[in-house]
Amino acid sequence: MDVMQLSSLIEALYEAALNPAQWNGMAHRIAATFDAPSCALQIRDEAAPQTSLLCFTDNYDEKMLSDYAEHFYADDPYVERAMKIGIGVQVASSGMMTKSSLYNSKFYADFGKRGDIFHLTGAMLRISETALGGIGIHRPYGSPDFQAADNHAVSLLLPHLTRALQVNSRLSTLERDRAIGFGGLEALSVGVIVVALTGRLLFANRCAEQLLRLGQGITASHGYLRTQMPANQPALQKAIHDAALMPQGGSRTAGGLVLAPRGPGPESENKQPLSLLVCPAPGNAMGSDLRKAAAVIFVNNPDDERSPSEAALMLQFRFTSAETKLAAALLEGEQLEEYAQRAGLSLHTVKSQLRQVFAKAGVSRQAEFIRKALSNPILRLCREPQMD
């Protein structure tokens, strides 16, 4: 192997670290570089413990992959010896055991022979506190063993492979956290808007998008958040500015509450203003997509009077199905007589169910139950879906 081959391979590793899709062909490229038919890169979770192959050559069929993950990873002599020699140190099968002991081993008979895996050069690598990476480059029994030049080239490759795997692991963690965070924001039944210092919109969850489309109280104009009534825009921008400077000590207030009255017109008459709670953005916790975030704005729509979902009520208070339907009707403001008639039940039956609702909720009056249910912040988030 010449220097250009090794340099090209190292460059490809760093590209794969930034573009995970490129790991798919990396095992084939490594194997070809070392004139070997087989290669596998694995990730081991020491906390689980479990393993998975990041990439591998075609000699690994589905049966081999599942067998290794379920059984052979815990009894892999190559990994066992590499761990004893040292993490990050290049190892070769020729220095681990004799050819006869390897050939007669259960691992080779039950696993290695199926994939023509016999001679090895590779290493175990530290990726994180709980994760190890492993590279194995293989040649079949009867073929020439790896020579000193091959093993030296692997030792030169290892620091770059380690770093590439560490970067890949970190980016994967960030992407997972970002997906979890944004998924949680989308599920909220309150509007969530993230803006830059200038008020430029960076993110709006589904509920906030609906409010922006309605254009009553707040709007999106050329990509920027605006109050519908221009007179209220300075207050909103000041709150965003204060929230952005708060973490650096440039402001004594962290945004605060801003009211956004509905605009003129018959559709806005007698409507309460939107309540906008402006807060500092949590810095890097917002993820790379929102690295310019200055403020997070929580928007309450007073027109949204949806009650907690029946599923949430049933789970929270351990109601039966019949008790849940009655509880949901009470939260919607329905009278007992109205509910009994609609449900086709006698008033006596409904009152009996009501006593069970009160007992399970730990209250004695209807007003207490309504207050308890609607004051629970988690139940308020678990509301019935809103139709667009």
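These are my notebook entries on a predicted model of one protein chain.

**Ground rules**

I number residues from 1 along the chain as its sequence is written, and I leave hydrogens and water out, with side-chain values resting on heavy atoms. Since the model is predicted, local features need pLDDT of at least 70 and side-chain atom pairs count only at pLDDT 80 or more, while totals for chains, interfaces and linings use all residues.

**Entry 1: the whole chain**

I started with the secondary structure and got 15 helices and 12 strands. These are DSSP runs numbered from the N terminus, with helices being H or I of at least four residues and strands E of at least two. I then looked up burial: 42% of the 388 residues count as buried. Buried means under 20% relative accessible area, exposed over 50%, and partly exposed in between, with a 1.4 Å probe and protein chains only. For contacts (heavy atoms within 4.5 Å), I took pairs at least 6 apart in sequence, and 56% of those join residues at least 24 apart.

**Entry 2: the cores**

In soluble globular proteins, nonpolar side chains tend to be buried together. I looked for nonpolar cores here, meaning sets of buried Ala, Val, Leu, Ile, Met, Phe, Trp, Tyr and Cys residues joined through side-chain atoms within 4.5 Å. The largest one has 31 residues, and Trp-23, Met-26, Ile-30, Phe-34, Ile-135, Ile-137 and Leu-161 have the most contacts inside it. Helices H1 (3-18), H2 (26-33) and H7 (148-187) each give two or more residues to this core, as do strands S1 (38-45), S4 (119-126) and S5 (131-139). I picked out Met-26: leaving aside residues up to four places away in sequence, Met-26 touches Leu-9, Ala-12, Leu-13, Ala-16 and Cys-55. There is also a second, separate core of 22 residues, including Ala-329, Leu-331, Val-350 and Ala-361.

**Entry 3: empty space**

Rolling a probe the size of a water molecule over the atoms shows where empty space is left. My search used a 1 Å grid over the protein atoms alone: a cavity is a set of points where a 1.4 Å probe fits but cannot get out, a pocket is an open set with protein on both sides within 12 Å along at least five of seven lines, and lining residues have an atom within 4 Å of a point. Points are joined across faces, edges and corners, and the volume is the space filled by probe spheres set on them.

I counted two cavities of 30 Å³ or more. Of its 22 lining residues, Gln-42, Asp-76, Leu-120, Gly-136 and His-138 are the closest to the centre. S1, helix H4 (77-85), S4 and S5 each give two or more residues to that lining. By class I get 16 nonpolar, five polar and one charged. Here Ala, Val, Leu, Ile, Met, Phe, Trp, Tyr, Cys and Pro count as nonpolar, Asp, Glu, Lys and Arg as charged, and the others, Gly among them, as polar.

Next I checked the second largest pocket, with a volume of about 280 Å³. It has 15 lining residues, and the closest to its centre are Ile-43, Ser-52, Ile-127, Ala-131 and Ser-169. S1, strand S2 (50-56) and H7 each give two or more residues to this lining. Its classes are five nonpolar, eight polar and two charged.

**Entry 4: loop residues**

Asn-59 sits in the loop between S2 and helix H3 (62-70). Its side chain makes a polar contact with the side chain of Thr-57 at 2.5 Å. A polar contact is a pair of N or O atoms within 3.5 Å; within protein, one must be able to donate a hydrogen and the other to accept it, and residues adjacent in sequence count only if both atoms are side-chain atoms.

Ser-93 is in the loop between strand S3 (91-92) and helix H5 (99-103), and counts as buried at 4% relative accessibility.

**Entry 5: phi check**

Most residues other than glycine have a negative phi. Asp-116, not a glycine, has a positive phi of about 55°, and is partly exposed at 46% relative accessible area. Arg-318 has a positive phi near 60°, and is exposed at 72%.
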